[in-house]
Amino acid sequence: MSIYTLGIDIGSTASKCVMLADGKEIVAKSLISVGAGTSGPQRAIDEVLESAGKKREEMAFVLATGYGRNSLMNYADKQMSELSCHAKGAHFLFPEVHTVIDIGGQDVKVLQIEDGIMTNFAMNDKCAAGTGRFLDVMARVLEVDVKDLGRLGSMSTKYVGISSTCTVFAESEVISQLSMGTDKCDIINGIHKSVAGRVAGLAHRIGVRDQVVMTGGVAQNQGVVKALQDELGHEIHTSPLTQYNGALGAALFAFDKVNK
Amino acid sequence: MAKTVSPGVLALRKVVDDVYADARKAKAEGKLVGWSSSKFPCELAEAFDLNVMYPENQAAGIAAQRDGEIMCQAAEDLGFDNDICGYARISLAYAAGKRAARKFDPETLEFIIDPNSGKPLKDENGKVVIDPATGKPKKDPKTQVPYTVLDDIHEIEALPETTEKEIAYKNFRREAIKPYKQMRIPQPDFVLCCNNICNCMTKWYENIARMCNIPLIMIDIPYNNTVEVADTNVAYVRAQFDKAIHQLEELTGKKFDEKKFEAACANANRTAKDWLKVCDYLQYKPAPYSGFDLFNHMADVVTARGKVAAAEAFEQLEKDLEETIKKGESTTPFPEQYRVMFEGIPCWPKLPNLFKPLKANGVNVTAVVYAPAFGFVYNNIDEMARAYYKAPNSVCIEQGVAWREGICKDNKVDGVLVHYNRSCKPWSGYMAEMQRRFTKDLGIPCAGFDGDQADPRNFNEAQYETRVQGLVEAMDANKAKEGNK
């Protein structure tokens, strides 16, 4: 009979769940595009249980992570920081990983991994430049869907630098470029390089060692992935499960707890 | 159950209370009171029997009393940039006459209580009483406090006193200024500045002198790019010591008293040695106290190191710690599972928030850089000049790293928690490089967090908790790795 564990990652901008069977197989997952402090977490939990045809009582262990993890103190069996959970999830997907770069809605984290365990980390502080929020703001002013940024950036033919490190001032810079008639694809490419520059700076504080894996929602933007790859000089691996990585790690830790 | 406080800690608190009380008394008697930077050679002021207050210590206290923001905002309203040190902003607002005060009704002369203040009301069984109308916990009226407002002593003193009502109002407004000692220090008659602690000091104290139209005695100690202090550097500082003595003679009308100076030097040396001995007790595993307590005891090292009472209080604390060790006890209110160095000044307005995740995870602070940084001893005035060259932000990075790595090793830490103190440009600016060196040289995890020593607007509790939790997880992984070797 299978042992089911549930990992819940409540971020600032999205709520994600992953249900594992026997610590190996993903039987269900859910993602709601609103995060801590909203109806998102409960809806994500309801959706993952419904899609697996399971109830809370059938979960051997539930572990919550992410910015909103403490709001589930009465529901989850344990809370852990998203740092370790992202490390765990990335190692499950890429057993040779040594550096994890996670770019979420408002956080950027770089994790150093040894034998699948996080041994050191660095995070951004009180500045959303380089995060998903930065890209949301840029997509809005460019009147494109944030999901299309990667595709559009790949069509760039000319380098356009976005020098402001502040999201608000970078937005002003983008507006100036648009008023000068600069091609949107070139601007988007410049934005990707700006994100890569900031994140690479953080990564170098911890040290970058192969394999380098990128997780979090922004890893779905191939433009950012490529720009970061160029900046760091290391190949970057991603997975279609990139946005679920924290919840996956939480479900894996939950399974470890059951097996102790 | 009330927490027992050791005789040594009580003695240390009294020393600081007396420094503040003596300054208020001196002012009331018409004597000169000065304000001084924390690492100005206090021995010189002691030689002239001068009462001196310390704005850094004052600002830390104001921030801990949760009045840092209102005072910082007052300084910003005066035109000071919000990027400058929070201590400086608080002090400049204070020098300009601004005070945090309790709001009152001018007609009834009664304080206006903030209904959101205070602790939850508990019944005889210790259970929180819920207000049926709101569904929220009721507040215990005994713990509620008035709203805080900003007042100005110059405005107060300019109020008329022609009627009884006016006199009563004026007196009440004076009394409404918050009564804790740091909000009641006397205005300065002179300022003593030594910029070894940082460069911000220079302009901070020049501004106070200009604002209050009072003499400034400045000792300039440049940033030192080498670990050793060259003889030419010593000569530069020694010449300024001599000039400062001459300026103090002019200020006080007294001659420099060599014997009092020597006594102050002997006291300062004794206090420094005792301070180091107390700090060394953190090497025990588990430590008999929390390194956070050292931040409180720092007040004595800053405000009273030239006084014999400070040395005696530290000696009493040493005895208390010796007893604690013999009994196998600790005053740390949780079992010590991890040991960390806390790098930087604490976030004074958010101490409970700093402490909560540390306590929850069994993390004890067993190393702080203030230990070696304030433990300097000397045998003559030239050695004194050399010693005053060694302040945390005026030594080169190699010296700074050596101090910290030394205490990390001696005090057997498992990790480092680095406060990127946004108020302090040097103490946040070099932190990233320091953190990189700690990781490389010590092989232990380090976590950094943004905060501020006095301005609560620069601290985020959720971000801090995540970083502490991450540090704990990394320390766990490191311990497991070491265990498997």
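In helix H1 of chain B, the buried residues are Gly8(B), Leu12(B), Val15(B), Val16(B), Val19(B), Tyr20(B) and Ala23(B). Here a residue is buried if 20 or more other C-beta atoms lie within 10 Å of its own, exposed if 12 or fewer, and partly exposed in between, with C-beta atoms placed from the backbone. Helices (H or I, at least four residues) and strands (E, at least two) are DSSP runs, numbered from the N terminus. Looking down the axis of H1(B), you would find its buried residues within an arc of 130°, so they line one face of the helix; the arc is that of the directions from the helix axis to the C-beta atoms.

The model is predicted: local features need pLDDT of at least 70 and side-chain atom pairs count only at pLDDT 80 or more, while totals for chains, interfaces and linings use all residues. Residues are numbered from 1 along each chain as its sequence is written, with chains lettered from A and ligands numbered from 1 in the order in which they are written.

Which exposed residues does H1(B) carry on the face turned away from its buried side? They are Pro7(B), Asp17(B) and Ala28(B). Just after H1(B) comes Gly30(B), with a positive phi of about 85°.

Now turn to chain A, which has eight helices and ten strands. Its C-alpha atoms fill a box of roughly 65 × 35 × 30 Å, taken along the principal axes. Of the 260 residues of chain A, 52% count as buried.
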